[in-house]
Amino acid sequence: MSAEARLRETICRMAASLFDRGLTHSSSGNISVRTEDGGLLVTPTGSSFGRLDPARLSRFDAGGTLIEGDRPTKEMPLHQAFYETRRSAGAVVHLHSCHSVAWSMMPDVDPDDLLPPLTAYSIMQLGRVQLLPFFVPGDPATADAIRGLAGKRSAVMLAHHGPVVAGRDLEAAVNAIEELEATARLAMLTHGHRPRTLQPDQIRAVVTAFDVEWSA
Ligand SMILES: [Zn+2]
């Protein structure tokens, strides 16, 4: 099996796993992954993560032209905005995961640092998560907002919509977006109970030990 055939299978297997665990639902969510030739494989518009067909993934060449497969997700511009601003990005994953969306609606969250510092792993895998305003799905202004971050965030949360995370490869992006949803779930579970959070010196120790991007 070629490297691309294996990558197609991996995208569909990971998407099905996310779907089976309720991390996205209906025809929501999309994935893009860099191919060896500098192109992209992308999940098609209107497709369910539970039932993707490896042969029908949208295939872009290195110049950004669709050369094969179904029409890509309408949220393609926000994927492209990540690749343009983060050279290290090898994959981008977007979900409509329940607790992340719920947490983004809480009145007291900090848009520049959405998740409370509850666990070391959310800091290690996500850095600071940026909350972006509400945009109509597919609105090019979403991509402009991501470009406006100038590559300083690997994870953003689209208000009333869902998280988008870039990683060096598909596994890293999936691991990070799972961490985002798990942390949002913890935040919702403890909201109003005044949980003890990690303290600034503990956060600093994690950031230093794991060389986390932690720009203000
Ligand atoms: Zn979406």
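Is L180 buried or exposed, at 0% relative accessibility? I looked this up and L180 counts as buried, where buried means under 20% relative accessible area, exposed over 50% and partly exposed in between, with a 1.4 Å probe and protein chains only.

**Ground rules.** I am working on a predicted model, in which local features need pLDDT of at least 70, side-chain atom pairs count only at pLDDT 80 or more, and totals for chains, interfaces and linings use all residues. Residues are numbered from 1 along each chain as its sequence is written, and side-chain values use heavy atoms, with hydrogens and water left out.

**L180.** I find L180 in helix α6; helices (H or I, at least four residues) and strands (E, at least two) are DSSP runs, numbered from the N terminus. I listed what L180 touches, not counting residues up to four places away in sequence: S100, L115, L126, V129, A155, P163 and V165. Contact here means heavy atoms within 4.5 Å. I also took the separation of the C-alpha atoms of L180 and Q202, which is 19 Å for residues 22 apart along the chain.

**Cores.** I next went through the nonpolar cores, each a set of buried Ala, Val, Leu, Ile, Met, Phe, Trp, Tyr and Cys residues joined through side-chain atoms within 4.5 Å. The largest has 38 residues, and I noted I11, I31, V93, W103, L126, V129 and L170 as those with the most contacts inside it. At least two residues of this core come from each of α1 (3–20), β1 (30–34), β5, α3 (98–104), β7 and α6 (170–190). Helix α6 gives the largest share, 8 residues. A second, separate core has 19 residues, including V42, F135, V156 and V164. As background, nonpolar side chains tend to be buried together in soluble globular proteins.

**V93.** Leaving aside neighbours within four places in sequence, I get contacts from V93 to N30, I31, P163, V164, V165, L170, A173, V174 and I177.

**M14.** I place M14 in helix α1. M14 is buried, with a relative accessible area of 18%. Its contacts, leaving aside neighbours within four places in sequence, are L170, E171 and V174. From M14 to V156 I read 21 Å, C-alpha to C-alpha, across 142 residues of sequence.

**Strand β8.** I checked strand β8 (residues 162–167) and found 6 of the 6 residues buried, so the strand is largely enclosed by the rest of the structure. Two strands pair if DSSP finds at least two bridges between them. Strand β5 (residues 91–94) runs antiparallel to β8 and is joined to it by 4 bridges; H94 has V164 as its bridge partner in β8. Strand β7 (residues 155–158) is also joined to β8 by 4 bridges, antiparallel, and L158 stands opposite G162.

**H160.** The hairpin of β7 and β8 has 3 residues between the strands. I looked at H160 in that loop: phi is near 60 degrees, a positive value in a residue other than glycine. H160 is exposed, with a relative accessible area of 52%.

E75 sits in the loop between β4 (66–68) and α2 (76–85) and H96 in the loop between β5 and α3, so the pair ties together parts that are 21 residues apart in sequence. E75 is buried at a relative accessible area of 7%, and H96 is partly exposed at 23% relative accessibility.

**D211.** I found a positive phi of about 50 degrees at D211, which is not a glycine. D211 is in the segment after α7 (200–209) and counts as exposed at 70% relative accessibility.

**Rings.** I recorded R34 over the face of Y83, at 4.6 Å from the ring centre. A charge sits over a ring if NZ of Lys or CZ of Arg is within 6 Å of the ring centre and within 35 degrees of the ring normal.
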